[in-house]
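User: I would like to learn how to read backbone angles and nonpolar cores in a model. Please take one feature at a time.

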Amino acid sequence: MKLIALLAFAAFILASSHRVTAEPWPQYRGPAGDGVSTASISDKPWGSSGPKVLWKAPTPLGFSSFAVADGRAITLVGEQEHEVCLALDANTGKKLWEAQLGSIKYGRGGGDAGAPDNRGGDGPRGTPTISGDRVFAYDAFMTLHCLDAETGQSLWKRDIEAEFEGRNIPWRNASSPIVDGNSVIVGGGGAGQSFLAFNKDDGQVLWKSGDETITHATPCLAEINDRKQIVFFVTSGLVAVDVQSGEEIWRAKFPFSTSTAASPVVEGDRVYCSAGYGVGAGLFKVTEKAEATELWFKANELMNHWSTPVVHDGHLYGIFEFKKYGRAPLQCVNLATGEIKWKKGGFGPGNCIQVGNKIVALSDAGEVVIVSARPDEYVELARADVVRGKCWSTPAFSNGRLYVRSTEEAACIDLQD
């Protein structure tokens, strides 16, 4: 009896530990903003019936991804000519609240593109960030909103265009806010205030710096050479600033043409970046003297457009090529050299994340595909059509569940190990 009791107690502790350590996905591209979850997912085949879909819910218009934390799955949608922050119950898909943000009249097309049988669906691009009892959303017209996470009530907002001589860009802002400690950081202001940090409690300015024009790329929070910094991908290239002061640490020139939308990818002291419209991709090494040295550049190659790759064991995994709707390949690329190790077509400009030792990709047509994160060959483990509509958003993974959305609907599927 004592043995049985001990075994039961051990099982309880393990289960409790799993619940306590369950990872939220509180922002664009996950806990660290790098598209990676340290959890694991099941190796069991889905079979002809596909994965277990726990719920579906309408998500009209837009390419915003989900942020998931504290039982809420939050994204931006388009409704009645406005961007709307929508909070769903992460367990059931039931609407909890919605908060109206800025206009959806962007004044320029682009979002209506797509494969011949999967066009349409312009709308919000940015992803909300959940931090404690607050939600931060940076809308297309560069107003930063702070909302109550439980009710959606507006707590404060800052209009970057009106208050900080903001410089919006064609197709409007698509970047997401970054929260670090008590700071919420965005880009888009004018001279001397292109990079801005606000107190997340009351919206007061903590620091402002820089004289740059933003792109559609969300900045990346990273620690490089033992210094915490946020790397912005602007029209002049990469600019890294100190998260506490906004002081510039280093910069690297990189070409710009029309639009840059994929975020920088950091591995140690190396920073990868990529842009479409004929630009290409490059890799930089940041020295201890805070100087960025170009390791390689491939013109008009390895273009991620808006599909930011993940890096695992020295290799990039992501969707490459420019605009090839319904056709763009998932690829594995040697980070050190830019050599393509393998490619598999048919994904279109969707997005992928890494969960444990697997790549979870969402095609632009709404297929979820699970692939082994290995550089020697493409090994597909599972594939299923999950949502209808156009998917230019990034999957989110939390507590054994995958959250995906399109311009029409969202779905939560069970991937528990």
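User: Is Arg29 buried or exposed?

Analyst: Buried means under 20% relative accessible area, exposed over 50%, and partly exposed in between (1.4 Å probe, protein chains only). Arg29 has 4% relative accessibility, so it counts as buried. This is a predicted model, where local features need pLDDT of at least 70, side-chain atom pairs count only at pLDDT 80 or more, and totals for chains, interfaces and linings use all residues. Residues are numbered from 1 along each chain as its sequence is written, and side-chain values use heavy atoms, with hydrogens and water left out.

User: What is the phi of Arg29, and where is Arg29 found?

Analyst: Most residues other than glycine have a negative phi. Arg29 has a positive one, near 65 degrees. Arg29 is in the loop between α1 (2-20) and β1 (36-37); helices (H or I, at least four residues) and strands (E, at least two) are DSSP runs, numbered from the N terminus.

User: Which phi does Gln80 have?

Analyst: Gln80 is not a glycine, yet its phi is positive, about 50 degrees. Gln80 sits in the loop between β4 (72-79) and β5 (82-89). With 77% relative accessibility, Gln80 counts as exposed.

User: Which residues touch the most other members of the largest nonpolar core?

Analyst: In soluble globular proteins, nonpolar side chains tend to be buried together. A nonpolar core is a set of buried Ala, Val, Leu, Ile, Met, Phe, Trp, Tyr and Cys residues joined through side-chain atoms within 4.5 Å. Here the largest has 34 residues, and Val368, Leu402 and Tyr403 touch the most other members. Strand β33 (residues 409-414) gives the largest share of this core, four residues.
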